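Visitor: I would like to learn how to read a structure like this, feature by feature. Where do we start?

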Amino acid sequence: MAGLASASASPVPAALPSNFAGFSPRSFLPSPPRARRPVVLVSRRRGRFRAEATQREKTRQETAVEESFPVRDAAGPPEAVALTDDDDWVVRLEQSFNIFLTDFIIAILDLLYRDRDYARFFVLETIARVPYFAFISVLHLYETFGWSRRADYIKVHFAESMNEFHHLLIMEELGGNSEWIDRFLARFSAFFYYFIAVGMYMLSPRMAYHFSECVERHAYSTYDKFLKVNGEELIKLPAPEAAINYYMNEDLYLFDEFQTSRAPCSRRPKVENLYDVFVNIRDDEAEHCKTMAACQTPGNLRSPHSMDDSVKTSIANDD
């Protein structure tokens with residue numbers, strides 16, 4: 001992420017759900033006549049699931065695929081962070097602290113990296129993956145002790161960390177890590193930020209998600225400003241190989257996974273020059289921001305590739 005700055009492409013699962021794993025193919029061993037009933041039942045269930053999958057595939061093919069920057073330029077940046085109207089003083093205190101902390105860190109980065117954009121982006125993208133790794137660590141811990149199980153949260157946060165990882169690869173290819181001091185600062189900061197993020201998430205997941213939302217909103221505005229100031233020059237420069245490999249890859253399952261506000265396969269960026277690359281990174285940050293905002297309501301996050309409730313209910317009823 002820059003302000004504090006590929007998995008199947010199809011939204012339809014390639015295999016049957018895990019609850020089919022207990023059934024054996026009818027060709028393995030001869031079954032007595034009374035065993036035919038479960039086989040017929042499996043056949044009906046498979047047929048129903050395939051029908052649902054076919055309908056989902058048809059819907060996916062009809063979904064309009066947008067090109068990134070014509071749409072996003074018209075849409076404008078995300079709305080600014082504002083204190084909630086919630087009467088809970090704890091919520092207001094958390095949000096006030098997050099906004100203050102974000103502004104403080106931004107001021108330090110502005111001082112250190114005023115005229116060194118790529119170095120700044122490298123430092124920020126190195127740090128950007130940390131909170132998602134921290135969230136996953138805590139969620140794994142809670143699951144280990146049997147306190148909670150949130151598979152969708154772990155899945156989405158992993159996809160977010162992979163998106164930020166590819167942003168980092170792009171900044172490295174652009175020379176953002178050429179100075180040892182920048183590499184040291186990025187890795188030193190990320191080490192301590194991990195433990196801070198873990199502590200904040202254990203104390204209040206809502207607060208941790210809101211802080212990440214503040215960071216992602218600033219990341220969007222940072223890249224957006226960079227594009228407006230340097231757009232004419234960026235259009236003349238080629239796209240880094242890391243960006244081409246990521247955004248133009250046929251396997252974009254994880255790319256779709258972190259964008260919880262849209263249907264899978266509904267966004268397919270173009271990569272023709274360096275301007276397109278930064279537009280895509282900017283738009284990625286906007287999607288992170290939406291996901292972090294959704295996470296602040298408990299139980300509100302869901303993997304974009306999750307099976308429809310109608311399909312789950314149908315299979316459960318057959319059981």
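Visitor: How far should I trust the coordinates?

Guide: Start with confidence, as this is a predicted model. Where pLDDT is low, the predicted coordinates should not be read in detail. Here the protein chain averages a pLDDT of 77, and 69% of the residues score at least 70.

Visitor: In which helix is confidence lowest, and in which is it highest?

Guide: The lowest mean, 40, belongs to helix α2, residues 68-75. The highest, 95, belongs to helix α9, residues 241-247. Over residues 1-77 the pLDDT is below 50. In the model, that stretch still has 130 contacts beyond near neighbours in sequence. Residues 309-316 also stay under 50, with twelve contacts beyond four places in sequence.

Visitor: How many helices and strands are there in the protein chain?

Guide: Count the elements, then read their order. The chain has twelve helices and zero strands. Along the sequence, the pattern is therefore α-α-α-α-α-α-α-α-α-α-α-α.

Visitor: What should I look for inside?

Guide: In soluble globular proteins, nonpolar side chains tend to be buried together. In this model, 45% of the 319 residues count as buried. The largest nonpolar core has 60 residues. Tyr247, Val277 and Phe278 have the most contacts inside it.

Visitor: Which helices supply at least two residues each to this core?

Guide: They are α4 (117-128), α5 (130-144), α6 (151-173), α7, α8 (205-235), α9, α10 (253-257) and α11 (274-295). The largest share, nine residues, comes from α8.

Visitor: Take Tyr247. What is it in contact with, leaving aside neighbours within four places in sequence?

Guide: Tyr247 touches His167, Ile170, Leu252, Phe255, Pro269, Val271, Asn280, Ile281 and Asp284. His167 and Ile170 fall within the residue range of α6. Phe255 falls within that of α10. Asn280, Ile281 and Asp284 fall within that of α11.

Visitor: And the surface?

Guide: Take the total, then look for patches. The accessible surface of the chain comes to about 17,100 Å², and 58% of that belongs to carbon and sulfur atoms. Trp180, Ile181, Phe184, Phe188, Phe191, Phe192 and Phe195 form a nonpolar surface patch. Together they have about 810 Å² of accessible area.

Visitor: Why does Trp180 count as exposed?

Guide: Compare its relative accessibility with the cut-off. Trp180 stands at 58%, and exposed means over 50%, so it counts as exposed. This residue is in helix α7, residues 180-203.

Visitor: Is Glu94 buried or exposed?

Guide: Glu94 has a relative accessible area of 10%; buried means under 20%, so Glu94 is buried. Glu94 is in helix α3, residues 89-112. Beyond four places in sequence, its contacts are Ser204, Arg206 and Met207.

Visitor: And Glu241, buried or exposed?

Guide: Glu241 lies in helix α9. Its relative accessible area is 53%, over the 50% cut-off, so Glu241 is exposed.

Notes
Residues are numbered from 1 along each chain as its sequence is written. This is a predicted model: local features need pLDDT of at least 70, side-chain atom pairs count only at pLDDT 80 or more; totals for chains, interfaces and linings use all residues. Side-chain values use heavy atoms; hydrogens and water are left out. pLDDT is the predictor's confidence in each residue, from 0 to 100. Helices (H or I, at least four residues) and strands (E, at least two) are DSSP runs, numbered from the N terminus. Contact means heavy atoms within 4.5 Å. Buried means under 20% relative accessible area, exposed over 50%, partly exposed in between (1.4 Å probe, protein chains only). Patches are made of residues with over 30% relative accessible area and no salt bridge: like charges are joined within 9 Å, nonpolar side chains (Val, Leu, Ile, Met, Phe, Trp, Tyr) within 5 Å. Accessible areas come from the Shrake-Rupley method with a 1.4 Å probe; for residues, only the protein chains shown count as cover. A salt bridge is a side-chain nitrogen of Lys or Arg within 4 Å of a carboxyl oxygen of Asp or Glu. A nonpolar core is a set of buried Ala, Val, Leu, Ile, Met, Phe, Trp, Tyr and Cys residues joined through side-chain atoms within 4.5 Å.
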